[in-house]
Amino acid sequence: MMRQYELVERVQKYKPDANEALLNKAYVYAMQKHGQQKRASGDPYISHPLEVAAILTDMHLDESTIAVALLHDTIEDTTATRAEIDELFGEDIGRLVEGLTKIKKLDLVTKKAKQAENLRKLLLAISDDVRVLLVKLADRLHNMRTLDHMSPEKRARISEETMDIYAPLAGRMGMQDMREELEDLSFRHINPEAYDTVTKRLEELSRRNEGLVKKIETELRDLLVANGLINVHVKGRQKKPYSVFRKMQSKSLSFEQLSDVYGFRIIVDDIPSCYRGLGIVHTRWRVVPGRFKDYISTPKQNDYRSLHTTIVGPSSQRIELQIRTMRMHEIAEFGIAAHTLYKDGASHVDGEILSRESNAYSWLRHTIEALAEGDSPEEFLEHTKLELFQDQVFCFTPKGKLIALPRGATPIDFAYAVHTNIGDTTVGAKINGRIMPLVTRLANGDEVEIIRSGVQVPPAAWEEIVVTGKARAAIRRATRMAIRKQYAGLGHRILERTFDRAGKIFSREAMKPALHRLGQKDVEDAIASVGRGEMSSLDVLRAVYPDHQEERITAKPTGDDGWFNVRSATGMIFKIPDKAKKPGEGDPGALEDSESVPIRGISSNIDVQFASTGAVPGDRIVGITNTTENAKGITIYPIQSPVLQRFDEQPERWIDVRWDLDEANKSRFMARIMVNALNEPGTLAKLARTVADVDVNIRVFNTVRVATDFTEMALDVEVWDLRQLNQLLAQLADLDCVATVRRLYE
């Protein structure tokens, strides 16, 4: 275990003026707090933060980051508090340590949701200060190195999380060596059989080609020096097991078919020497077509710069070459840790000025800000994984701006990468001058021009087309805003009628002073809340006019014509025929029909029908008055129904209705669901058994489409309420034979 003076000496080797007192204080505090705690291996727990600190000293990080590494588990695993660390080490270090602390008290059902919420907290802390990421990656690396002492289940779970999140995150930050080690350690536990096989084959190849790497290094160096590149370094190495396995998998190759297991790095003085070295190598040896990439003129999004080429080189061996400067090599090895962000500010390197914030960190911060808005934990985790996807295509705007996207991205992804507003208003795209479908997959070098419309709203279906988390989050947000707008439209009409009934004029300006009494942030939120049924229009009236005395209006006979005037909750007048009364009853509120559904806000004898796809208690519902001879009365729709858009310009037909059910005489209500299931024997039986198990009745069953492997089925089911319907959807989705299940709206 590393001693106190050894840690200080390691930091002072690259930073002679380091704050020795801070390092000593953090070392002693961590030692005292972790006390007699042990790791799963039996080692003292303090050995873990010390090793994390040692990993960070290899990256030449500042003493504050090393102190955070020593303290990173104190709040989570000891009696230490944020306030205590703030007092002893300052708020800056306290904030970083808290950013690395998992959220323990999470009221979430699934482990995946807990994992996602902890990741969200970590990423938000990273967006504020990149040092949180550097400590977390070093922490994960040491945990992976000592994973053997965990249970098999825990090893598999941690390895999968590392492969899905932390290894790609290290890659995105340009920390290639760390990424490769994390991948190899994860690969070893996720697929131990494949790991052992590939490792043995690489060892055999290394023994068989003993001396070959040295021979190629010498021949390359001699060639470059002979042609005037004096200060040149050549280093060869064998590829890592996971890198080899991934290539075998992606290209469907056997180990024997791999021809470029060895890679060589050529490090020269400056950028002109990179291109000169490339010309020397290409003149001497044959180039493999299609394998040249210039990441100097077009750097990767993680700031990686280098020239890549593959040649049939010395001894007729096919080898990969990377040609770069020493500064490029430092960034390729240590990524953002090698950047000047916490060292010297902006500086001149390789003839150019490096900015204080690297592209990699800028990308990460903006991505996190986009992902942090409003998604469920599982969606956040999914979108984060999408954003960390490594394979990229590079496309251009008509003005020549470079846009890096994941492989498989569409023009919609491109539009959202340029700007959220451009994505929201996209209606078409030109790719290389030709109008192409928005589902077209972009390729390297494509020039994309987005065609926009000011009245466009992104369809919710786009979410299934795009591949970037930013685009998905923006489409979800736009969909939520469209629904909010619809709620606000309904709420506005309800409020206008309520205020009119009270003899007042409704206006948004009048609502502003009353927002604090309503507990709302802005007027639009308050109006939408009324539309959703979360707040009564009468509450708004009372908040705006506290002195208003409400006069309840009941139905009164209008004369001897046999009709009654009945006012709904929204203030709309309905004429109710006198003959609909029960014998001997004079109260129109008691009017009832044996076929009617008691829904508050509408007199119970008015002809009420539901949309063809149904509505169930728990849905936010609205009524639309019917105006044709064939359809009279009111049709009830769930607020999500796309049919409601047809009535946007007919506000007089909208009625605010509420469920008002008789608990003593409960009824079932119909909803329609679509199930996409495997086309195999037993599928229908499993579906029927699941439906019966949750006490749901199937009223109608229709096969919509039959394919070779899948069958689409529409089921009209009868449920008690929305909770039971959601339970049914969840249990159907869990069946192995079900691909997708969703609710249908008219």
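Tutor: Contact means heavy atoms within 4.5 Å of each other. This model is predicted, so to speak of a local feature takes a pLDDT of at least 70 and to count a side-chain atom pair takes 80 or more, while totals for chains, interfaces and linings use all residues. Residues are numbered from 1 along each chain as its sequence is written, and side-chain values use heavy atoms, without hydrogens or water.

Student: What does the secondary structure of the protein come to?

Tutor: Helices (H or I, at least four residues) and strands (E, at least two) are DSSP runs, numbered from the N terminus. Counted in this way, the protein has 27 helices and 26 strands.

Student: What percentage of the 746 residues count as buried?

Tutor: Buried means under 20% relative accessible area, exposed over 50%, and partly exposed in between (1.4 Å probe, protein chains only). Among contacts between residues at least 6 apart in sequence, 65% join residues at least 24 apart. Of the 746 residues, the buried part is 48%.

Student: At what angle do α13 and α15 pack?

Tutor: Axes are lines fitted to C-alpha atoms, for helices over the stretch in contact, and angles run from 0 to 180 degrees between N-to-C directions. For helix α13 (residues 212-226) and helix α15 (residues 271-284), the axes are 10 Å apart. The contact brings Glu 219, Leu 220, Leu 223 and Leu 224 of α13 to Gly 277, Ile 280, Val 281 and Arg 284 of α15. The two helices pack at an angle of about 115 degrees.

Student: How are α13 and α15 placed to each other, in words?

Tutor: Angles under 35 degrees count as roughly parallel, over 145 as roughly antiparallel, 65 to 115 as roughly perpendicular and the rest as oblique. The angle here is about 115 degrees. α13 and α15 are therefore roughly perpendicular.

Student: How far apart are the axes of α6 and α7?

Tutor: Helix α6 (residues 82-89) and helix α7 (residues 91-99) pack at about 145 degrees. Arg 82, Ile 85, Asp 86 and Phe 89 of α6 make the contact with Glu 91, Ile 93, Gly 94, Arg 95, Val 97 and Glu 98 of α7. The separation of the two axes is 7 Å.

Student: Which residue in β20 is the bridge partner of Phe 610?

Tutor: Two strands pair if DSSP finds at least two bridges between them. Strand β18 (residues 608-610) pairs with β20 in the parallel sense over three bridges, and strand β19 (residues 621-625) runs antiparallel to β20 with five bridges. In the latter pairing, Gly 623 stands opposite Ile 636. The partner of Phe 610 in β20 is likewise Ile 636.

Student: How many residues of β20 are buried?

Tutor: Strand β20 spans residues 634-638, and both of its faces are covered. One side carries Ile 634, Ile 636 and Pro 638, and the other Thr 635 and Tyr 637, all buried.

Student: In what order do the strands β11, β12 and β13 form their open sheet?

Tutor: β12 (434-436) and β13 (448-452) stand at the edges with a single partner strand each, so one side of each has no neighbour in the sheet. Strand β11 (residues 426-431) is joined to β12 by three bridges, with Lys 430 opposite Ile 435. Helix α19 (residues 411-418) lies across β11 and β13, at about 85 degrees to β13. The pairing is antiparallel, in the order β12-β11-β13.

Student: Is Asp 73 buried or exposed?

Tutor: Asp 73 sits in the loop between α4 (63-71) and α5 (74-77). Beyond its neighbours within four places in sequence, Asp 73 is in contact with His 34, Tyr 45, His 48 and Thr 78. Its relative accessibility is 7%, so Asp 73 counts as buried.

Student: What distance separates the C-alpha atoms of Ile 673 and Ala 714?

Tutor: Ile 673 is in strand β23 (residues 669-678) and has 0% relative accessibility, so it counts as buried. Leaving out residues up to four places away in sequence, Ile 673 touches several residues, including Met 713, Ala 714, Leu 715 and Leu 744. Ile 673 and Ala 714 are 41 residues apart along the chain, yet their C-alpha atoms are separated by 5.8 Å.
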